[in-house]
Each structure stands twice: as structure tokens, then as C-alpha cells.
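Student: I have a model open on my screen and would like to learn how to read it. Could you walk me through it feature by feature?

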Amino acid sequence: MGADAPIGVFDSGIGGLSVLKYIHASLPNEQLLYFADSGFAPYGGRPESEIVARSLAIAEFLMQYGAKALVVACNTATAAAIKAIRELYPSLPVVGVEPGLKPAAALTRTGTVGVMATKGTLSSTKFNLLREQITAATNVAFLPQACIGLADQVEKGELHSAATAALVRGYLQPLLEQGADTLVLGCTHYPFVQPLIEELIAHITSKPVTIVDTGEPVARQLVRLLTEKGLLRQEGVGTITGFTTGSQTALESAFAKLLGLHPPVTPIAASA
């Protein structure tokens with residue numbers, strides 16, 4: 001497994017493209033494989049055992065391409081399955097995403113942070129341990145808000161529709177009313193509705209609200225791990241290849257609309 005080997009990135013659907021964007025920008029020479037498990041999206045409401053099984057199957061699929069590193073670009077899958085992936089591939093650099101509670105705790109002025117995430121992420125042991133540790137160290141109060149149905153709206157490409165706006169407002173309002181001055185986007189789908197979130201915040205409150213997205217730290221961590229292992233691809237043109245268990249057209253249009261890219265996309269039978 002050398003520096004020319006690809007990096008595998010996967011998510012329950014198109015949300016991980018918000019992370020892929022940062023990886024592609026930070027590592028322009030790398031060959032990136034992006035797997036959208038849209039046939040099974042969203043992961044947020046599924047039982048943990050099912051998420052672990054899907055994540056391991058996708059990791060195995062990406063390893064068939066000789067992946068030199070894996071990025072679990074899904075908060076729900078990171079919370080449920082990253083431990084199992086690391087146990088299966090102990091020498092492989094594996095980077096997950098977790099809600100940016102630490103940066104949010106450093107940014108808040110009111111000591112109250114709203115965490116928008118899926119039910120799966122918020123009920124996970126991993127999230128609750130992190131939350132307890134940071135609250136104990138900083139006294140910051142984290143208000144968890146399960147945003148049921150929001151990842152679905154992003155999957156459908158409804159980034160600015162009236163239905164999405166109504167959904168987001170319903171989740172935002174209580175957080176802002178409870179004094180949250182910092183919001184954590186705890187699902188990789190949510191950065192795609194950040195413009196809508198910002199617009200609604202301006203309608204609800206005149207106070208400044210900071211938004212924390214976790215895509216950038218993931219890319220930084222990946223660069224660090226690859227550098228440590230001498231696996232950075234120093235030259236050559238970077239490429240992106242897409243795979244999906246959902247609709248090929250949907251992933252192609254998400255790449256075009258959300259990232260302005262047109263990589264080849266291969267549909268994969270959902271049992272992959």
C-alpha cells in the first residue's frame with residue numbers, strides 16, 4: 001500500500017460531500033473514492049447493529065480498491081461503527097467525524113451550545129461521553145436537538161424549500177430561545193443547509209450566533225495521519241470516483257450542484 005493508493009470516504013448518502021470538499025481542497029493530488037450508501041439512507045434512525053454491518057461492508061468494498069486510509073464522513077456511522085472498523089484494520093489510518101463540541105465550547109460566550117444532529121448520534125455512548133467530558137472541563141451546557149427528517153431533505157436536494165425551512169425553524173427556535181449562541185452542525189448533511197440556517201437565525205434573533213462545521217478538522221487530521229505514515233501522494237492529478245447504492249443520477253447531480261464537480265459514478269447493488 002503506497003502513496004499512490006486511493007483514500008476511501010463514505011457516508012449514508014450525499015452528506016459526506018461536505019467533508020470530501022475539504023479533503024479534495026487540502027489534498028489535491030490524492031485519488032479519492034466516495035461511497036454514498038443512499039440505498040440505506042438515512043442512518044440516523046436505524047439500529048446500531050445495522051449501521052455497524054453497513055459500515056463494515058462498505059469499508060471492505062473500499063479496501064478491495066487498496067485504500068490507504070478511510071474517512072467515515074458520517075456522524076452516525078462514526079459514533080456506531082468506527083471502533084469496529086479500527087479493530088478490523090488495525091494498521092489503517094481511519095478518520096471519523098464527531099460533532100465539534102470542543103471548538104464550540106471554546107467559542108461560546110453564553111456557555112450554551114446547541115447541537116443539531118441525528119437521533120442516532122445524540123443517543124450514542126460516544127457522543128454522550130464526549131459531551132460529559134467537555135461539560136465537566138468547561139461548564140458549557142450542550143442542548144441536543146435531534147433534527148429528524150433534515151438529512152432526508154438534503155438527500156432530496158431540497159436545500160431551500162418551504163418544507164425544509166419549516167423543519168429547520170422548528171429545530172432552531174427552541175435552541176436560540178434557551179440562549180444558545182453557538183450551533184454545532186453534528187451531521188455531515190447539515191452544512192448544505194447552512195445558508196438557510198443563517199437566514200432563519202437572522203429572523204429569530206438579532207444576537208450573533210456562531211456555526212461550527214466539522215469538515216475542516218477531519219481533512220486536517222487525515223493530512224496529519226498520511227504525513228506521519230509517509231503516505232501523501234506528492235504529485236499527479238487528484239481524481240474522484242463515486243459509488244452509490246442509491247440513484248446514480250442523484251449522486252451525479254449532488255456532485256455537480258454541491259461541489260461543482262463531475263466525477264464518474266458507479267451504481268452498486270445494495271448488498272455490496
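Tutor: Below we go through the sheet, the helices on it, the cores, the cysteines and a few single residues.

Student: What kind of model is this, and how are its residues numbered?

Tutor: This is a predicted model, in which local features need pLDDT of at least 70 and side-chain atom pairs count only at pLDDT 80 or more, while totals for chains, interfaces and linings use all residues. Residues are numbered from 1 along each chain as its sequence is written, and side-chain values use heavy atoms, with hydrogens and water left out.

Student: Let's begin with the sheet. In what order do the six strands lie?

Tutor: Strands (E, at least two residues) and helices (H or I, at least four) are DSSP runs, numbered from the N terminus. Two strands pair if DSSP finds at least two bridges between them. Here the open sheet runs E4-E3-E1-E2-E9-E10, with parallel pairing. At the edges are strand E4 (94-96) and strand E10 (265-267), each of which pairs on one side only. From one strand to the next, the twist averages 20°.

Student: How many bridges join E1 and E3?

Tutor: Four bridges link strand E1 (residues 7-11) with strand E3 (residues 69-72), in the parallel sense. To find one of them on your screen, look at Gly-8, whose bridge partner in E3 is Leu-70.

Student: Which strands does helix H1 lie across?

Tutor: For this we need contact, which means heavy atoms within 4.5 Å, and axes, which are lines fitted to C-alpha atoms (for helices over the stretch in contact), with angles from 0 to 180 degrees between N-to-C directions. Helix H1 (residues 17-26) lies across E1, strand E2 (31-36), E3 and E9, and runs at about 180° to E2. H10 also packs on the sheet: this helix touches E1, E3 and E4, and its direction makes about 165° with that of E4.

Student: Which residues of H1 are buried?

Tutor: Buried means under 20% relative accessible area, exposed means over 50%, and partly exposed is in between (1.4 Å probe, protein chains only). In H1 the buried residues are Leu-17, Ser-18, Val-19, Leu-20 and Ile-23. They pack against E1, E2, E3, H10, E9 and helix H11 (248-259).

Student: How many residues are in the largest nonpolar core?

Tutor: In soluble globular proteins, nonpolar side chains tend to be buried together. A nonpolar core is a set of buried Ala, Val, Leu, Ile, Met, Phe, Trp, Tyr and Cys residues joined through side-chain atoms within 4.5 Å. The largest one here has 54 residues, and Leu-17, Val-71, Met-116 and Ile-197 have the most contacts inside it. Helix H8 (residues 162-177) gives the most to this core, with six residues. There is also a second, separate core of 25 residues, which includes Phe-10, Ile-51, Phe-61 and Ala-80.

Student: What does Val-71 touch?

Tutor: Apart from neighbours within four places in sequence, Val-71 is in contact with Ile-7, Gly-8, Val-9, Phe-10, Val-19, Ile-23, Val-95, Val-218 and Leu-222.

Student: How many disulfides are there?

Tutor: A disulfide is a pair of cysteine sulfur atoms within 2.5 Å, and this structure holds zero. For Cys-74 the nearest cysteine sulfur is that of Cys-187, 6.7 Å away. Cys-74 is buried, with a relative accessible area of 4%, and Cys-147 counts as buried at 3%.

Student: Which backbone nitrogen lies 2.9 Å from a polar atom of the Thr-244 side chain?

Tutor: That of Gly-246. Thr-244 itself is in strand E9 and counts as buried, at 0% relative accessibility.

Definitions and conventions
A polar contact is a pair of N or O atoms within 3.5 Å; within protein, one must be able to donate a hydrogen and the other to accept it, and residues adjacent in sequence count only if both atoms are side-chain atoms.
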